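Morning, everyone. Please have a look at the structure on the screen, and I will walk you through it.

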Amino acid sequence: MAEITLHRVRKVFADGTEAVQSFDLEIPDGSFMVLVGPSGCGKTTVLRMVAGLEDLTEGTIRIGDRVVNDIPPGARDIAMVFQNYALYPHMTVYQNMALSLKIHKVPRDERNRQVRDAAAVLHLEDILNKRPRELSGGQRQRVAMGRAIVREPQAFLMDEPLSNLDAKLRVQMRAEILRIQQDLQVTTIYVTHDQTEAMTLGDLVAVMRKGVLQQLATPDELYSEPANLFVGGFIGSPAMNLVEATLAQREGNLVVEFAGHGIRVPDEVAAARPGLAAFLGRTVILGIRPEGMDDAALVPGADPDSRLPIVVDVREGMGSDVFLHFSMDAPPVFTKDTQELASDIDEDALAGLKERASERRSVFVARASPETTAQVGARCEIHVDPHKLYFFDPETGASIVGDRSIVEVGAGRSGTD
Amino acid sequence: MRTLDEPASLERDEPVATPGSPGGRYRARRLAFKVTIYALLIAVCGFILLPVGWMLTAALKPDLEPVFTPTPEWFPTRWWEWKNFRRVLTENMPFLRYMINTMIIVTANIFGVLISCALVGFAFARLRFRGSKVLFYILIVTMLIPWQALIIPQFLFFVKVGWYGTYLPLIVPSFFGTAFFIFLIRQYMRTIPKDLDDAARVDGLNYWQIFWRIILPLSTPVLTVCAVFTFLASWNNLLGPLIYLDDSDRFTVAIGLANLVTRADTPWNLTMAANLAAILPSVLLYFFLQKKLIGGIASVGLKG
């Protein structure tokens, strides 16, 4: 049994930074758990604590049924793949893979067999005698993985292993990693800041922010039922459009209004979210994913109460979709959550957000079908699917669903302050 | 990721070019450039080798032939007294014996320096322990103490423990570390990525194994630098052997050379022969370690 359990794990560094706050996590045996979050959220620290490379300030970590807090990394029966591969430069690929076996006093023939088996899984047979500096990035990454699987450990720990590869190679290696994990059925913890990787690789995904777990769910749940503003804005690419809106009652219908437009909230949607009733007449944060919109001309039978008349600013034709960027006269959501989401992209994104906040202007992205005739500068009507609206509490950032918050941990503390 | 085709180059070697045509003029210019550079380099080489040439000339002269002639005589020469070398190495003065003695001391020194400084350098570079910063600063401060202040106390100490007259005062201190080398090694080891340590720990290596199997093999450039510096310092060291050795069988090369010159009438031919013999190991060392050494000195400041 190699299930991994973290119980009330906390890490405070020597300089006082609290990198991880009372973290609880259960990783079922054989599952692929992804820890995702922006830089500095503590995910790598959690991984290093499971590996034994960092001490815990508080809490316990169990691998299998052993408490491993005081057990050195080499004795925890885990293997790790590092972001920069950490291959021993003065050793050949074979020696790199064989070192841990040698240290554990595995006899030479057995060692040889295990290394060659692992090499076969990753197609490394031809480069066993080469040194890391003679290999390409993709080959080095495979050697790093080979070094991990040769030990047949109870768990794999991976720290952003694909972030140094180019886009195409990354896609290919993602599939490889998935295949290997499914073949070997080894419990895996995978740390990344790329939400695409999180969504495609994980059985379970844990979103972290500033040392606090935001939501633990399957990728589908994270996408369709984000627990709070941060998770909603983090998962999904292009990101969810967020705007401050007001909930109002018009002619017996619940309408969410912003920028002088209103979108009718259908009864079934309102019924599924009884918590909305408390926000009548007040500001809420409205989230609309780009996928939840389309060119109204291409949506037959669209409800006229679900349309936004807009002028297209930018048109990105991707072949399979067309992304339309347009502005709305509504203030963007400018909270700690959205600022952190923007700064995680880069400083220009953050500067842009600040600028738009001062101008009280939001920029939306809609994903239209490729048949759309919308052009830059032309008017267009965008249909918003009212069944795909997300609502968030402007003060706490929590998702407004039922009477209580839907997330297990951290929602209260994950708020906008 | 565009593939780079052969860049369009002005330096295309046109097969047909007569002197006077544009292509021919360009090639002629390049040739002239190369010839000038090589001529300069040969000239500088010759200039540097002149003293050695003169030493060889002097070494090959018979006993009474004047060495300091009004116009200096360079190598090659009309005198070919090769037996001068044999005389100085075995007969007049057992210079060969001195070379062997010095070789023993030097080898032991290199051994001591590498062991002690690598271990201490590793500790400062990789291990975290209370007081490491303070100890390191103390180490640096010891480099400020002038050796003149240390000679007399050290001498008194070695006499007290009965090591006077032996090689021990010349060898044992190197096993206790040299501040400069420790500093150099520590700085170099810090450039080795810490990820390697983490990977090694996950692989199950303890700190000694990390030192022996990972960090030390990766530190060969800086270790080569330390070894060569130690060699040169030990080989040329005159003061140490002069103070601590009294048995002439145990003398070193430096003492031998000094003794040759301070005699009433210096036999210059023998002295020059001894000199040439003395510099030979250093030159050989350089030839064999040239690549490693230059890489080492350059990379001591850079990422390994």
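**Strands, a contact between chains, and two helices**

Start with one pair of residues: in chain A, Phe32(A) stands opposite Thr188(A), which is in strand 8 of chain A. Keep in mind that this is a predicted model.

Now widen the view. Which strands does that pairing belong to? Strand 3 of chain A, residues 32-36, is joined to strand 8 of chain A, residues 187-192, by five bridges. These two strands run parallel. As a general point, strands of a sheet pair through backbone hydrogen bonds, either parallel or antiparallel.

Step back again. In chain A, six strands make an open sheet, and their order is 6-7-8-3-9-10. The pairing in this sheet is mixed. Which strands stand at the edges? They are strand 6 (78-81) and strand 10 (212-217) of chain A. Each has a single partner strand, so one side of each has no neighbour in the sheet. On average, neighbouring strands of this sheet are turned by 15° against each other, direction ignored.

Now chain A as a whole. Its secondary structure comes to eleven helices and 20 strands. Its C-alpha atoms fill a box of roughly 80 × 45 × 35 Å along the principal axes. Chain A has 417 residues, and 43% of them are buried. Take the contacts in chain A with a separation of 6 or more: 71% of them are between residues 24 or more positions apart.

Next, where the chains meet. How many residues are in contact? There are 17 from chain A and 14 from chain B. On the chain A side, strand 6 and helix 2 (93-103) are the elements that give two or more residues. What is that side of chain A made of, by class? It has twelve nonpolar residues, five polar ones and no charged ones.

Over to chain B, and a pair of helices. Helix 3 of chain B covers residues 95-126, and helix 7 of chain B covers residues 179-190. They pack at an angle of about 50°, and their axes are 8 Å apart. That angle makes helix 3 of chain B oblique to helix 7 of chain B. The crossing of helix 3 of chain B past helix 7 of chain B is right-handed.

Who makes the contact? From helix 3 of chain B, the residues include Val113(B), Cys117(B), Gly121(B) and Phe124(B). From helix 7 of chain B, they include Phe181(B), Ile182(B), Ile185(B) and Met189(B). By class, this contact has eleven nonpolar, one polar and three charged residues.

Let me pick out Cys117(B), which lies in helix 3 of chain B. Is Cys117(B) buried or exposed? It has 27 other C-beta atoms within 10 Å, and 20 or more count as buried, so Cys117(B) is buried. Leaving out residues up to four places away in sequence, Cys117(B) touches Gly177(B), Thr178(B), Phe181(B), Ile182(B), Ile185(B) and Cys226(B). Look at Phe181(B) in that list: it is 64 residues from Cys117(B) along the chain, yet their C-alpha atoms are separated by 6.3 Å.

Where is Tyr167(B) found? It is in the loop between helix 5 (147-160) and helix 6 (168-171) of chain B. Tyr167(B) is partly exposed, with 18 other C-beta atoms within 10 Å. Thr252(B) is 85 residues from Tyr167(B) along the chain, and their C-alpha atoms are separated by 10 Å.

That is my tour. Thank you.

How values were computed:
Residues numbered from 1 in each chain as written. Chains lettered and ligands numbered in written order. Predicted model: local features only at pLDDT ≥ 70, side-chain atom pairs only at ≥ 80, totals over all residues. Pairing = 2+ DSSP bridges. Helix = DSSP H or I, 4+ residues; strand = E, 2+ residues; numbered from the N terminus. Axes fitted to C-alpha atoms, helices over the stretch in contact; angles between N-to-C directions. Contact = placed C-beta atoms within 7 Å. Nonpolar A, V, L, I, M, F, W, Y, C, P; charged D, E, K, R; others polar. Parallel < 35°, antiparallel > 145°, perpendicular 65-115°, else oblique. Left-handed = near helix turned anticlockwise from the far one by under 90°. Buried ≥ 20, exposed ≤ 12 C-beta atoms within 10 Å, placed from the backbone.
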